[in-house]
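Before reading on, look over the sequence and the model together.

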Amino acid sequence: MIYPIVAYGDPILRKPTQFIEKDQLDLKKLSEDMFETMHGANGVGLAAPQIGMNIRVFVVDATPFSEKDDDDDDEPDLSLVDFKKTFINPEILEEDGKEWAFEEGCLSIPGIRGDVYRPERVKIRYRDTDWNEYTEEYTGMAARIIQHEYDHLLGKLFVDYLPTLKKQLIKKKLADITKGNVDSDYRMRFPGRR
């Protein structure tokens with residue numbers, strides 16, 4: 001099932017999420033639906049608040065970053081080839097290393113991108129859809145994707161990290177998204193509409 005993506009301005013995107021219990025939901029079905037929704041919108045990550053659920057779950061599939069683009073001079077990131085996972089009740093234990101910039105975007109904020117600085121390494125504990133617990137470390141783009149999606153679980157968005165001037169420049173665009181005045185290639189749910 002493909003969910004509509006919750007748009008910027010909806011209060012659920014600003015609420016810290018709740019931990020879930022093992023049998024609270026059909027986690028495999030939720031994970032499948034989230035991947036289907038994310039792929040339908042050409043995303044590489046999707047957090048539960050973005051589909052209107054206030055729970056600590058996100059999915060990532062960084063395969064697009066592992067493929068070499070014919071126009072791209074950079075080599076593909078082979079560490080992302082099989083980086084497709086569901087993170088349930090994740091907790092970031094450590095973030096460190098040199099902060100580096102990358103132009104981020106968000107399915108909930110279509111048409112807006114901006115450079116965000118994040119630490120190069122992250123250590124995270126989480127459960128999978130079979131309720132197995134893992135503690136793993138990630139670096140580079142994998143760490144960035146995790147940090148971006150994890151922020152959604154805390155009620156934070158990538159635009160929060162942008163410099164004040166950039167925030168001023170995108171203020172009207174953000175207001176337009178909240179009102180539903182935005183073009184996107186996928187179905188969205190706007191504040192005040194169901």
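A salt bridge here is a side-chain nitrogen of Lys or Arg within 4 Å of a carboxyl oxygen of Asp or Glu. Arg14 and Asp160 form such a pair, with their closest N and O atoms 2.7 Å apart. The two ends are distant in the chain: Arg14 sits in the loop between strand 1 and helix 1, Asp160 in the loop between helix 3 and helix 4 (164-179), and 146 residues separate them. The model is a predicted one.

How accessible are the two partners? Arg14 has a relative accessible area of 37%, and Asp160 has a relative accessibility of 29%. Buried means under 20% and exposed means over 50%, with partly exposed in between, so Arg14 counts as partly exposed, and so does Asp160.

In total, the structure holds 16 salt bridges. Another of them joins Asp10 to Arg189, where the closest N and O atoms are 3.2 Å apart. This pair also links distant parts of the chain, since Asp10 lies in the loop between strand 1 (5-6) and helix 1 (27-40) while Arg189 belongs to strand 7 (residues 188-189), 179 residues away. Asp10 and Arg189 are both buried.

A further salt bridge brings together the side chains of Arg118 and Glu104, at 2.7 Å from N to O. Arg118 is part of strand 5 (residues 114-127) and Glu104 is part of strand 4, so this contact ties together parts that are 14 residues apart in sequence. Both Arg118 and Glu104 are buried. Elsewhere in the list of salt bridges, shared partners join Glu94, Asp96, Arg121, Lys123 and Glu137 into one network.

Glu104 leads on to the pocket. Which residues lie nearest the centre of the largest pocket? They are Val44, Glu104, Gly105, Cys106 and Arg113, out of a lining of 25 residues.

The largest pocket has a volume of about 420 Å³. Helix 2 (63-66), strand 4 (84-104) and helix 3 (140-154) each supply at least two residues of its lining. Helix 3 gives the most, with 6 residues. By residue class, the lining of the largest pocket comprises 12 nonpolar, 8 polar and 5 charged residues.

Key. Residues numbered from 1 in each chain as written. Predicted model: local features only at pLDDT ≥ 70, side-chain atom pairs only at ≥ 80, totals over all residues. Heavy atoms only, no water. 1 Å grid on protein atoms, 1.4 Å probe; cavity = no way out; pocket = protein on both sides within 12 Å on 5 of 7 lines; lining within 4 Å. Points joined across faces, edges and corners; volume = space filled by probe spheres on them. Helix = DSSP H or I, 4+ residues; strand = E, 2+ residues; numbered from the N terminus. Nonpolar A, V, L, I, M, F, W, Y, C, P; charged D, E, K, R; others polar. Buried < 20%, exposed > 50% of the residue type's maximum accessible area, 1.4 Å probe, protein only.
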